[in-house]
Amino acid sequence: MTEKKKDNKNVSVFARSEISLETDPLEEIFALNLGDFLAEHLISDELVQKISKKNVDKTQRLKEQLKELISIYSIDNTLKILGFSSKEDYVIYNAIAKTIKQMTDTDACHIFLSKEIVTGINNPKNHDLLLTGSSLNLNEDIADSEIGYDFNDESCVSETFLSGQKTEIKDCNTHSSFKQILILNEDKVKYYLAVPMKINDEKIGVIVVQNYKKKKLSKEFIELLSVTARLFAASMSLEKLTEATNNLINQDNISVSCLQNQRAQLTALIGDLSMEQQYFVENLARAVDAKSNFQNNHSHKVADLAREISESLGLNEKTKDLIYYAALLRNIGKITLPEELFNKKEKLSKEDWKQLQNHPNVGVSILMSINFLSEVVPYINYHKERWDGRGEPEGLKGQSIPLGSRIVALADAYCAMTSERSYRQAFSKEQALDVIQSESGSKWDPVLVSELINLKKNNN
């Protein structure tokens with residue numbers, strides 16, 4: 001701004017309005033609905049004051065919008081995985097690594113983060129990428145392990161980070177860039193997969209999973225790992241942007257354009273994270289189906305029917321989404337069970353049945369470690385309850401069973417009956433509805449049974 005414009009007495013009224021706005025005054029004139037055009041000589045001192053006041057109001061309004069965005073999509077709804085002040089905080093990465101190991105059915109998982117975002121951890125060798133989490137029970141604190149990679153060491157982790165592309169090694173014995181770290185038991189590793197933690201152009205780190213046998217991951221599990229990596233990257237980016245936004249809100253002399261730009265970045269990243277969360281849930285469901293040998297997209301069929309029932313009941317959007325996610329993930333516990341259990345042709349043992357019957361509890365444990373899915377936990381945990389109180393795990397009865405659980409259970413039963421299994425033919429729609437009707441009031445909520453019957457009859 002020139003010295004002349006700082007002296008309001010020496011400039012026109014129109015120019016003084018520009019000083020007040022620090023932006024194009026015409027935008028504010030049109031916003032005040034003062035017509036298509038006003039000549040400079042028609043603009044009074046009173047109008048300048050109105051425009052200046054409106055701009056102050058706009059700044060405050062933008063700050064309130066940013067506060068609301070942060071509040072609605074707070075870090076409590078995503079993953080608090082940045083800004084650690086002490087090395088003890090890094091145990092959360094070990095928990096994340098163990099969850100990923102379970103989800104992908106691999107022998108080990110390690111998480112490496114860029115040194116730019118790592119705090120409270122030793123890095124005397126100034127590694128570009130540091131080990132911050134492992135599924136292994138290491139003898140020493142991971143914050144003191146000093147394990148990492150440099151960008152010029154031509155390692156798989158460094159190459160994955162720099163290229164932004166996954167690295168898959170199906171036989172580690174013949175791969176030159178696989179550099180063993182003995183403390184991580186990598187002398188045992190036969191199969192290796194590294195995926196970048198990246199969202200848009202921002203690179204965060206690398207997730208590595210390993211098998212001690214030459215057992216490669218299926219495409220469903222590879223995609224699940226890739227989505228998981230993007231989800232963490234989006235969460236970390238949102239966390240950093242949220243902190244920057246809070247700093248802007250607390251500044252007194254901040255321009256409208258700067259606040260608008262911050263709002264655009266924040267809403268775009270929230271949109272990215274929401275999309276990655278949905279991809280994560282859908283790919284986790286596909287991985288469960290693949291492990292269970294359900295080749296007919298069973299989980300998605302159940303979820304779609306659960307949403308139909310929810311819509312027919314007039315439930316709000318958030319509740320419909322939670323029920324949809326719960327239906328997708330109701331069998332998430334199967335992700336932690338041995339694949340051979342699902343491929344058995346002979347009769348299952350008592351121990352096999354116990355593992356299968358307890359699978360919702362394992363799934364709940366996984367979901368509890370993924371914060372944004374915590375609201376679907378009750379729906380999953382109680383979807384094996386019965387209307388007459390003779391179900392599992394707590395024998396809840398009638399309307400004491402969460403509505404989402406009742407909807408998921410009914411949708412699951414109908415889709416299971418109308419799907420072909422190795423031991424029986426698929427039921428027709430009429431046969432399935434007859435069975436469900438006969439169990440109304442014992443297994444199923446009678447109101448929901450009526451909704452399902454009406455839905456299926458109207459679909460003819």
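In this predicted model, 48% of the 460 residues of the protein chain count as buried. The secondary structure comprises 17 helices and six strands. Of the contacts between residues at least 6 apart in sequence, 62% join residues at least 24 apart. The chain has an accessible surface of about 22800 Å², and carbon and sulfur atoms account for 47% of that surface.

The largest nonpolar core holds 90 residues, and those touching the most other members are I100, L113, M197, I207 and F280. Helix α7 (residues 219–249) is the main contributor to this core, with 15 residues. Beyond its neighbours within four places in sequence, L113 has contacts that include Y93, L129, M197, I204 and M236. A second, separate core has 21 residues, among them A108, I147, V157 and L184.

There are 14 salt bridges in the structure. The table gives three of them.

| Pair | N to O distance |
|---|---|
| R307 and D321 | 3.5 Å |
| K318 and E375 | 3.1 Å |
| D412 and R330 | 3.1 Å |

R307 lies in helix α9 (residues 298–312) and D321 in helix α10 (residues 317–329), so their bridge ties together parts 14 residues apart in sequence. R307 is partly exposed, with a relative accessible area of 22%, and D321 is partly exposed at 31%.

The pair of K318, in helix α10, and E375, in the loop between α13 and α14, links parts of the chain 57 residues apart. E375 is partly exposed, with a relative accessible area of 39%.

D412 in helix α15 (residues 403–417) and R330 in the loop between α10 and α11 are 82 residues apart. Both D412 and R330 are buried.

Elsewhere, R386, D388 and R390 are linked in a salt-bridge network.

Notes: Residues are numbered from 1 along each chain as its sequence is written. This is a predicted model: local features need pLDDT of at least 70, side-chain atom pairs count only at pLDDT 80 or more; totals for chains, interfaces and linings use all residues. Side-chain values use heavy atoms; hydrogens and water are left out. A nonpolar core is a set of buried Ala, Val, Leu, Ile, Met, Phe, Trp, Tyr and Cys residues joined through side-chain atoms within 4.5 Å. Buried means under 20% relative accessible area, exposed over 50%, partly exposed in between (1.4 Å probe, protein chains only). Helices (H or I, at least four residues) and strands (E, at least two) are DSSP runs, numbered from the N terminus. Contact means heavy atoms within 4.5 Å. Accessible areas come from the Shrake-Rupley method with a 1.4 Å probe; for residues, only the protein chains shown count as cover. A salt bridge is a side-chain nitrogen of Lys or Arg within 4 Å of a carboxyl oxygen of Asp or Glu.
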